[in-house]
Amino acid sequence: MASQGLTYEGCNFFRQRLVLSTLSGKWVKIKNIRSKDDSPGLQDFEASFIRLMDKITNGTRIEINQTGTVLYYQPGLLFGGQVEHECNPQRSIGYYLEALLMLAPFMKKPLRAVLRGVTNDQKDPSVDTLKVTSIPLMKSFGIDGEGLELKIMKRGMPPGGGGEVLFTCPVRRTIRPVQLTDPGKIKRIRGTAYSVRVSPQIANRIVDSARSILNKFIPDIYIYTDHMKGGNAGKSPGFGLALVAESTNGMFLSAELASNPQGQGSPMLPEDLGCNCAKLLLEEVYRGGCVDSTNQSLALLYMTLGQQDVSKLLLGPLSPYTREFLRHIRDFFQIMFKIEVQKQEDESRRGGDKVLMTCMGAGYANISKTLK
Amino acid sequence: MEAKEQKRHQRKQSGPKAERKKSRKQRAPGAEPDEDERRRNPRAFAVQSAVRMAKTFHRAQDLKTKKHHIPLVDRTPLEPPPVVVVVVGPPRVGKSTIIRCLIKNFTRQKLGDICGPVTIVSGKKRRLTFIECGNDINTMIDLAKVADLVLMLIDASFGFEMETFEFLNILQVHGFPRIMGVLTHLDSFKNNKTLRKTKKRLKHRFWTEVYQGAKLFYLSGMVHGEYQAQEVKNLGRFISVMKFRPLVWQTSHPYVVADRMEDLTDPETLRVDPKCDRTVSLYGYLRGTYLKNKGQVHIPGVGDFAVADVSFLPDPCPLPEEQKKRALNQKERLLYAPMAGVGGVVYDKDAVYIDLVSSHVDQPQMRPTAELVQSLIGTHATLDAKLAASKVSLFSGAAAMTPGEQQAPLENRVWDPVTQRERRKAVFSDDEEEGDGDESYEGDEEGQSEQGDDEEGLQGGDEEEKSSGARESKVGEARRGQDEEEKAPRVKRQRLERVEAKPPVEMPAFADSEDDLEMSGDDGEQSEEDEREGAEGGTADSGHCSEEEVDDDDEDEAEDDNEEKQDGKEEEDDEEDDDYDDDEDSDMETEVTAPVNISKPVKAKVSVLSEEAEEDDGDAGELGNESTGALRWKEGLAQKASEAFLRQQQAAPNLRKLVYGSVIEEQNSPSDEDADEIGGLFRVSRPEKSRSRRVDAMDCSRFVPDSPHDWDQEEVLNSIRDCFVTGKWEESKDAATLLKEDEELYGDFEDLETGEVHHGKPAKEEDSEEEVMVKEDAEEEQKKKRLEKKRRLKERFDSEYDDGDATYFDDLKEEMQKQAELNRAEFENIDDEARVQYEGFRPGMYIRMEIPGLPCEFVNNFDPHYPIILGGLGASEGNVAVSPLQGLKKHRWHQRILKTRDPLILSLGWRRFQSIPLYHIEDHNGRHRLLKYTPQHMHCGATIWGPITPQGTGFLAVQSVSGTQAGFRIAATGVILDLDKSVTIVKKLKLIGYPYKIFKNTAFIKGMFNTMLEVAKFEGASVRTVSGIRGQIKKALRTPSGAYRATFEDRILMSDIVLLRSWCPVSVPQLYNPVTSLLQPVGQKDSWSGMRTLGQLKRDLGLRNKPNQDSLYKPVVRTKRHFNPLHIPKQLQKALPFKSKPKQDQKKGKTPRHLQRPAVIREPHERKVAALLTALSTVHNYKTKKAKAEQHAKHKEFLKQKEREEMEKLKRQKEARKKMYRIMGQKEKKRERSSLKGSSKDD
């Protein structure tokens, strides 16, 4: 019996393809992975990601050619359970965690993953951001209850890493449809200024500078300082800030910034970092929507995998990553979103144009979960 | 049915009933009785026990909650697909007859042979699809999965047959649709009492199988080969008002019961290789749920296939337009059965098919369509060469499907004489004992006679028709011929001719559809729009990254190019068409005009048609009134579509194209990739910047703005002011308005403590009094508004307050309701073209599925009597995994238990396939232990290598699908509980070793393992000896290899055997063999046989197992056991007490001769004396014995007498005592009375 499959080229959107392949059961073949590059083939962090996929699934077949430029991935069934994974420090844990967030509700057993590696870096959404934005988002899709938790045990900054994150998630058979069309108004801003292996004073300096900008809009701002010491501080020094704005309707928009890794680039001033991060948050607010730009694809995926009902979601402008994700969703699930632009009136002063995404769920049901 | 004139109810004027009523009436005006009782006797209704009250309350609540079902979102389509009515029953029970009767009842049309699904319009809101289910178990399984209603026909003269019960079981497994039983052959009962009894017996048996009170219809007798009209009418009425339950599998999977099949394979490839894989398009109503394009389907009996294309067609059998009237008119009573040759002209995406009524030409009146085609057929032979040359296939496969070829093999199968078939009667112990053989014989006889009757009836019917021929519609007349023909070939293949091969007016691909429509719109608008797009790309879309803008521009250009190209192409096509049409026309003129007169108008028609087509094409290019081919048949739809499109266009400025359109561009790009070649051999490999940036870029979900705003400027800051709670709120949500609303509502209140009354706004009213006079209108309006608002608020308040007991359940229900409304409303206004892209094809649509790569046997051996079902597969349902089927149970009617590793045919999901199951049972510690055979009366698990199917899906297993077998065919049933790719089944493995050296509790064991490594793996494992001494493996020994040291709880013996009990995992055999019954030759569809079981193989090959010599039973030879004498040491002997001392004395031997006493021999006299003495003693003995007996009897008599006397004495005494007591009692009474008197006197 020949199952269906898809073929892609290049290593971009690598995670999307594997995740969607796993969920849809279609095999995927990725060719020409960095075939013209100086260092061709899959890189260490991608190999590490494949290993993680192998750990959480059961019966997955992975074939990689000798140079690593061709990958064949035949998905198995999502198994879950206790997983420990040493994430490659080239990418932060967020890289791996984003995929886990997408897959975790559809496992056979509730996932309890311990990921070790870099918790915060400049490329990927950090663990702090995912904790304050993705977890509430999942709750709005009916994935809640006891087990849903993301806990930062240790922090680790690039290049050394050494952080540790615990992610637990309960399993669901079906996902609820949502109608998130009204983001509400931002009522409070929270944040975490963290610093490891540097002076604890740096965190306070970040907080002050960030507040100075955000105070123009809202008084309810609280930025926690998180200074980790000793064994919990990882292997490399660094600091950063993750901000989140909560709206009256329980929507979260986030922004974050981390310092340059040790030995790369010029050292950053904490004040600059705080200011820039606050501005990033304002940018995010300008974009608006019910889900911030990093979680767009997660929300869209859950909408796709919902029951056969209409889901609606208001987003800011679609990020390139999300746009590609939408194409991939169409490839794997044959689901297209109705995309409507909601123009803002000139005098409304509520940021840029919003996009209303509407789709009919695929009627996906968790096939791994045991019937009791 | 007219309401019968019923006798009026006569009220009773006298008697107890009238009295009772009168008294009740009199009492009524006072107060309601129950309330009265409560007031009159409040204690009776007081709380007696708090515990009991709590209990009653609990019970009431429990009962209430029990009634609840989990609320589901109502996903039934607005225009539902026809209801699938499956007619089941053993052969010769009257299935076809009942379908024919029902069709006649609903549509007033006669259908000869029921061939494939027949769809009719039965009412204003209901359509029915009738399918006849043959006796083949494959068909039964397939149809059970798609049936909404099952008409279960039972031959009352014979009773239930095994097939009926098998089918009921199949239904139970695959969801239980509605079932209606129909008893036929009731006219064969001569005796009224037996008829009644049989009816009752069958009804009760039917009820036990389905549910108590299940509907069973009785069709009493035949009139002219048809059932009685009134009874059929009643049955039809029941069918048309029936409600259906949603079945889980059906509601979660899209499926199509194909009612039309066309082979689209290129005739040239067909000619070159007649056995090539075929591309086939299948048509039918979509049922179940939304179907996504390009999905995977399973065709039961063929296999899994990827769908190349799905498109929707205009409904061939539409429901009547909305009209306010009660019944359907004749025009709306449609009948659609292309496989049976009914349906007239059928349209396809790119062709029109015209149904040829039948091959007989000498019909008095011909339908216009038939005429047309007849004339075309006349031209067929001469056109052949030209057609071949011009590469246009006018008649695809016309020559291949001559009726004679098709009918020959079918004939044999259908006309199986009744007597040859084994009827498998189901006999139950609770059935009345009847002569089994007799009855079957009787039945056979009846069958024969019936056959005769049938034929007679048919003829009679024909005659009747002839007499009333004038009334009959044309179609009816057309059918009649078939009826006559029916005796010879019951099965007839429809003959469809492909008349026109118009250039496909394609359903445009999605991204292009806009373009087409745009193009169809005015050019000016187009350019405007382009400009607008450009402007937006510059300003409004600042959120999107710049790269996309470039893309967009490129895309537009590309699109323009495409459009131009398309235009060009279309023009070319048109020209070609013209040529072609002209050619054809001229040809036809030359050919047709001379011989036949009728053909003139026909020709004209054809040409008109083609002209129309041209015009249409032209229109599509120029005016764009009608844009797609599909729209032509639905009037007004084009306009609707264009309106909807315009609306959409205004709303979404091509963001959709940005997301979904660029993929197409990307696919195109590699083709026009410029290749730098050096010397035609080598190519310069240089990293392409643009592509590699996209393809090999960093995979990151963060969206860093390319051109961030300058957040130091005030106006930029101001642009997001209102996103915060501190900013300005919308009018409706503003705090001030909300407060005011509250004030309006709750303004008036009374302080209960002080008794003060506060009024909301007295001042305002006073002020406004003057104004009221001035501006009455405004005030009136205001008032209305306020009232409206108040009403709304009050409603909300009421709903919140009064429904204090609004439970979680109610909330859930409301939520579902809302979701259902949203689902309906969301895509309602979009035209179907776009809508199918968003939500897939809706159930209820008539769709066409193009499936490539079907095996040629599917087309060659096509038999419309076997249903073709296209079952959509969900995500990852196309994959194979090991799936443990928990809760499998051998069916209790199946006679044999099932053996592990014997192939079994399972029906699971849509599929029927053969696989090799492993049976297992779960031990108390969660271990799945392999079983060799299924338990007889218990559930067990089974694990198979099979397709992924969602949990909770039922399945059934049969051992073979071929032919008929004795006994109940369904071997096992169960449900899927779990899917897994790793197997957890283990079987017990005992490793045996022998001690070769024994110390105290330690022993060296050999023979269990082969190497030290193996031992190392088992270090610490527990072992035991056969005698039950437990031990543990300690360490491996160097020599001999595989030996180890083990310790035991006691010293073991050299003769002991050491066992290591272990569990070894079992791998599941990877067999997945779909049952390809539809590919079998016609007439042999029920003879599919797959892998044989081991037993069958051995039987077939005549092999016998050579048993292990050691396992054979041999006579038991027991050696005599020899015990050594007990030796007690002398010292011990000495110390023992005498009693315990071993006795030295030997056994007493024979007495020595000299000690033996001599025998005494009597003298003759002595002998005489002895004899006399003996005689005397005998006499004496006798005498004493006699005396003793006498004495005994006498004593008995004496005892009896004594007892009698005793009794009398007792009686006497009793009497005396009684007398005495009476006297005493009287005395006592007297005394009492006197004392009472005395006391009363005292008082």
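**View 1. Salt bridges across the interface of chain B and chain A.** In this predicted model, the rule finds eight salt bridges across the interface of chain B and chain A. One of them joins A:R349 to B:D722, where the closest N and O atoms lie 3.4 Å apart.

**View 2. Polar contacts and the elements of chain B that touch chain A.** Between chain B and chain A, 40 residue pairs are in polar contact, with both residues at pLDDT 80 or more. Elements of chain B that give two or more residues to the side touching chain A include the helices α20 (655-668), α21 (689-695), α22 (714-718), α26 (808-826) and α27 (832-839), along with the strands β13 (303-306) and β25 (880-890). The largest share of this side comes from α20(B), which gives seven residues. By residue class, the side of chain B that touches chain A divides into 44 nonpolar, 25 charged and 22 polar residues.

**View 3. Contact and buried area between chain B and chain A.** In chain B, 91 residues are in contact with 97 residues of chain A. The area buried between the two chains is about 8500 Å², and carbon and sulfur atoms give 55% of that area. On the side of chain B, the residues that lose the most area to chain A are B:Y660, B:D699 and B:R702, together 10% of what that side buries.

**View 4. An annotated segment of chain A.** An unreviewed UniProt entry carries the annotation "domain: RNA 3'-terminal phosphate cyclase insert", which covers residues 181-285 of chain A. Over residues 181-285 of chain A, the chain is 34% strand and 29% helix. The end C-alpha atoms of residues 181-285 are 16 Å apart.

Technical notes:
Residues are numbered from 1 along each chain as its sequence is written. Chains are lettered from A and ligands numbered from 1 in the order in which they are written. This is a predicted model: local features need pLDDT of at least 70, side-chain atom pairs count only at pLDDT 80 or more; totals for chains, interfaces and linings use all residues. Side-chain values use heavy atoms; hydrogens and water are left out. Contact means heavy atoms within 4.5 Å. Buried area is the accessible area (1.4 Å probe) that two parts lose on being put together, summed over both. A salt bridge is a side-chain nitrogen of Lys or Arg within 4 Å of a carboxyl oxygen of Asp or Glu. A polar contact is a pair of N or O atoms within 3.5 Å; within protein, one must be able to donate a hydrogen and the other to accept it, and residues adjacent in sequence count only if both atoms are side-chain atoms. Helices (H or I, at least four residues) and strands (E, at least two) are DSSP runs, numbered from the N terminus. Ala, Val, Leu, Ile, Met, Phe, Trp, Tyr, Cys and Pro count as nonpolar, Asp, Glu, Lys and Arg as charged, and the others, Gly among them, as polar. UniProt positions are given in the numbering used here, feature names are shortened, and annotations may be inferred rather than shown by experiment.
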